[in-house]
Amino acid sequence: MSLHGNDRRDEPSMGSAGANGTVAAASLRLRLNPNKEHKPEGYEDMELDFSPNIFSSLERYLPPSMLNVARVDKAKFMRDILLKYLPLGERNRAQKHKEYRQKIIANYQPLHRELYSVNPATFFVPSFLKAINDNTEQSFRSIMSEPAPGIFVFDIFQPDFCELLLSEIENFEKWVTETKFRIMRPNTMNKYGAVLDDFGLETMLDKLMEGFIRPLSKVFFAEVGGSTLDSHHGFVVEYGKDRDVDLGFHVDDSEVTLNVCLGKQFSGGELFFRGVRCEKHVNTGSHSEEIFDYCHVPGRAVLHRGRHRHGARATTSGHRVNLLLWCRSLSNDFVRLLHTKLFWYTHYSVFREMKRYQKDFSGWCGECNREKKERQRTTIAATRLVSLYVIRMFRACA
Ligand SMILES: [Zn+2]
């Protein structure tokens, strides 16, 4: 097979060289840094190929001339850019997943419709709601504990909400069994559980992230993109008899992870944390101050960086269900990559990994910080030595 011509058509091509020069050329005019003053529009009500939050975030990167055009034109422009730079394989995968989701949503009858849009008063405990409404670091701190650096624990959901959600999940699983529908599991590590986004809860979870988790992440995790979270992967995991037992040591594919225990009765299943690490240092040892174990309580949330290494011990009896929301900041990386040559040779699905390798130092990685301190310590020691030497020289001269 020839390596020329059409065989290479799924590689993104640069601007004016391609037949679709207009789109590519236009995309090159996206700003490198977002316009922070611009207030983006909402895209929830539109039929789009990507999450509405991605469009809102990406809007800040539009060239100034496009900021005030009709919303539908902005959406089309951004959609074209996003689609253009997804390699063909990735585009097909995204299309297949969209069809998979539509098939479920068209056939599955939700049991509790009230779960499918956020109702703060019935979802959240009053203390959490008040803290979010006050929207200050002090108000957030007043409802949280930080038992280990970068791990925040707080009550979030009302017991009734947890129960409704558990019953909805049960209903969905019953439907899966009855119809023999082959569902995709939440990730490579969990054989049980379900992706909530796949059976209609995507919009609700997007709102949960945008209105309730992003304000917290903006304060506590800004250095990993906490203020620009714009997409999520929302799912439940299930542990116990006839379910998953434990979960190996890993990092999440997220900037920020929200982990909430929904119930039911169980023992064991503790989360163990072992320090935040960048890709380069992900397998390094942990230090005593990084070791932290956490026992789940229904309705209570744990919020941490995706790169905070963790695992779950065996659930020894009963049945435990946890809601996981992997929150990501995609538009930021996407625009940055549009401006790097490397992007043309790489694949959309690995770009999150790539950016991690590009950095030699991460302020949030425990090991990078230790290396930096060690370098500083050596420098300081060397400086002291030189000073001592100079002082002695002066004394000798005097
Ligand atoms: Zn590091």
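In this predicted model, K180 sits in the loop that runs between α8 (159-179) and β3 (194-195). Its phi is near 55°, a positive value in a residue other than glycine. Most residues other than glycine have a negative phi, and most peptide bonds are trans.

**Loop residues and their surroundings**
- K180 counts as exposed because 6 other C-beta atoms lie within 10 Å, and the cut-off for that class is 12 or fewer.
- N135, which is found in the loop between α6 (126-134) and α7 (137-143), has a phi near 55°, again a positive value in a residue other than glycine.
- N135 is exposed as well, with 12 other C-beta atoms within 10 Å.
- N33 belongs to the loop between α1 (21-27) and α2 (52-59), and this residue is exposed, with 10 other C-beta atoms within 10 Å.
- Although N33 and L62 are 29 residues apart in sequence, their C-alpha atoms are 9.8 Å apart in space.

**A cis peptide bond**
- The peptide bond that leads from G263 to K264 is cis, with omega near -10°, and K264 lies in the loop between β6 (256-263) and β7 (266-268).

**The open sheet**
- Four strands, in the order β5-β11-β8-β9, form an open sheet with antiparallel pairing.
- Because β5 (247-250) and β9 (291-294) each have a single partner strand, they stand at the edges, and one side of each is left without a neighbour in the sheet.
- Neighbouring strands of this sheet are turned against each other by 20° on average, direction ignored.
- β5 is joined by two bridges to the antiparallel strand β11 (residues 308-312), and L247 stands opposite A312 in β11.

Methods:
Residues are numbered from 1 along each chain as its sequence is written. This is a predicted model: local features need pLDDT of at least 70, side-chain atom pairs count only at pLDDT 80 or more; totals for chains, interfaces and linings use all residues. Two strands pair if DSSP finds at least two bridges between them. Axes are lines fitted to C-alpha atoms, for helices over the stretch in contact, and angles run from 0 to 180 degrees between N-to-C directions. A residue is buried if 20 or more other C-beta atoms lie within 10 Å of its own, exposed if 12 or fewer, and partly exposed in between; C-beta atoms are placed from the backbone.
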